[in-house]
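I am keeping short notes on what I look up in this structure. The entries follow the order in which I checked things.

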Amino acid sequence: MRNNFFSIIAIIAVFFALPANAKKVALVIGNSSYEYTQQLSNPENDAALIANAVRSSKFDDVMVAQNLGIEAFRQALREFSSKADGAEVAMVYFAGHGMEGKGKNWLIPVDAKLESNRDLAYETIDLDLIMEALSGAQTRIAIVDACRNNPFGNKWRSGTRAVSRGLAGLEVDDVLVIFAAAPGQTASDGGEDINSPFAKSLAKRLPQPDVPIQLLGGLVRDDVLAATGGTQRPFVSASITGTPIYLVRQNKAIIAPGPNAAPTSTAALAVPRSIGSGPILLSDIQIETIKLTGFFGMPDDLFLEFDTGERFPNGDGKQKMKVGDIWNIDDSFVFDQPISFRVMEHDAVGGHDLIGTITMPATIGTHTTTLNGDKSIYKVTYTLTAM
């Protein structure tokens, strides 16, 4: 049994030499070594992984704290709050135990005993305190990888209002909030892996150039769904400005691949930026089969074809679609101006058939088009973002 040292544990902080009010600041916390409940294998590893990703994302000031007791947790937030005041971007990441109780979400320090739900306000950190610590920044990000089973619920009397699984949904203005799992669900700690699926995706996506933070949660969600076979679905609350905000920008021009270029996972299709304009991001493409009237009711094999001559999926790849199927395309595409792309049906005999052509409008936002070529009907939804 560990002693009460954790209640006064020193914060392990990593600082860059900076003036006050750095442009981008972050607090990264990993709580693994719990005294009075189940210890977690990966939050310390996850915090180290995320801290490195945050530094790679050009954050100016990164505080890293491990295994915080209640007093150290509060002190870390107090110190971070002063750094976040006036910052352009402030982010808090927490990995560890968390729970819902009394209609709120609570992050659990390593020295919490929690003999009953009445102790929540005294021994844990209300998620609202995280929001308060972020409040002085222009852009605020809270990331919570704490959606595991309630580790104390089996000690509490019946009738308590705390839930046994996951965290509660949260809607808050002007903050990007990403939970590792949807309300009422739990998140994987990673099993035999040293990092959770959520942390691995976040660490990959944070430093990715030219990705607006408005798309960050969706990219992480898709990664985690794929990694967990659909059993874990991160939850995103993004009531923030629609003007794209970037953590990392690509310094060099984006060049379109030639016709013989090797395929890439993101299918970047832009040409050098023209003066006075920027590229356009095409993302969140979703194609839904409404009606199939082909021979014998056989599925369609679809692919996309762009004006640039590129095809998605690359090579001879295709997506089999039956009535009611939805094709969610994870890849994003970058262009220097609105162009058109075609939804095609693969035909092994006699060439390919055109389902329909979509000419992208010169306006940002989410658009929906219905295509009815080749006796089939498809609904296509996509998002355009100015970069």
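Entry 1. Does Trp 327 count as buried or exposed? I looked up its relative accessibility and found 7%, so Trp 327 counts as buried. The cut-off I needed for this is that buried means under 20% relative accessible area. I note here that the model is predicted.

Entry 2. I went on to the aromatic pairs and found that the count comes to seven. One of them is formed by Phe 312 and Trp 327, and this pair is stacked. I wrote down 6.4 Å from centre to centre and 15° between the planes. I kept both values because a pair of aromatic rings is described by the distance of the centres and the angle of the planes. Phe 312 sits in strand 12 (residues 311-312) and Trp 327 in strand 14 (residues 326-329). The two residues are 15 residues apart, and the pair links distant parts of the chain. I also checked Phe 312, which is buried with a relative accessible area of 12%.

Entry 3. I then looked at Phe 341 and Tyr 382, which form an edge-to-face pair. Their ring centres are 6.0 Å apart, with 85° between the planes. Phe 341 belongs to strand 16 (residues 340-345), and Tyr 382 belongs to strand 19 (residues 377-386). I found both Phe 341 and Tyr 382 buried.

Entry 4. Which residues form one aromatic cluster? I listed Phe 306, Phe 312, Trp 327, Phe 333, Phe 341 and Tyr 382.

Entry 5. I turned to helix 2 (residues 70-84) and helix 4 (residues 127-134). They pack at an angle of about 30°, and their axes are 7 Å apart. Angles under 35 degrees count as roughly parallel, and helix 2 and helix 4 are therefore roughly parallel to each other. On helix 2 the contact is made by Phe 73, Leu 77, Phe 80, Ser 81 and Ala 84. On helix 4 it is made by Leu 129, Ile 130, Glu 132, Ala 133 and Leu 134. Sorted by class, this contact has eight nonpolar residues, one polar and one charged.

Entry 6. I finished with the whole protein, which has six helices and 19 strands. Of its 387 residues, 51% count as buried. The accessible surface comes to about 17,600 Å², and 50% of it belongs to carbon and sulfur atoms. Among contacts with a separation of 6 or more, 68% are between residues 24 or more positions apart.

Conventions. Residues are numbered from 1 along each chain as its sequence is written. This is a predicted model: local features need pLDDT of at least 70, side-chain atom pairs count only at pLDDT 80 or more; totals for chains, interfaces and linings use all residues. Side-chain values use heavy atoms; hydrogens and water are left out. Axes are lines fitted to C-alpha atoms, for helices over the stretch in contact, and angles run from 0 to 180 degrees between N-to-C directions. Helices (H or I, at least four residues) and strands (E, at least two) are DSSP runs, numbered from the N terminus. Angles under 35 degrees count as roughly parallel, over 145 as roughly antiparallel, 65 to 115 as roughly perpendicular and the rest as oblique. Contact means heavy atoms within 4.5 Å. Ala, Val, Leu, Ile, Met, Phe, Trp, Tyr, Cys and Pro count as nonpolar, Asp, Glu, Lys and Arg as charged, and the others, Gly among them, as polar. Buried means under 20% relative accessible area, exposed over 50%, partly exposed in between (1.4 Å probe, protein chains only). Accessible areas come from the Shrake-Rupley method with a 1.4 Å probe; for residues, only the protein chains shown count as cover. Rings of Phe, Tyr and Trp (its six-membered ring) pair if their centres lie within 6.5 Å; planes under 30 degrees apart count as stacked, over 60 as edge-to-face and the rest as tilted.
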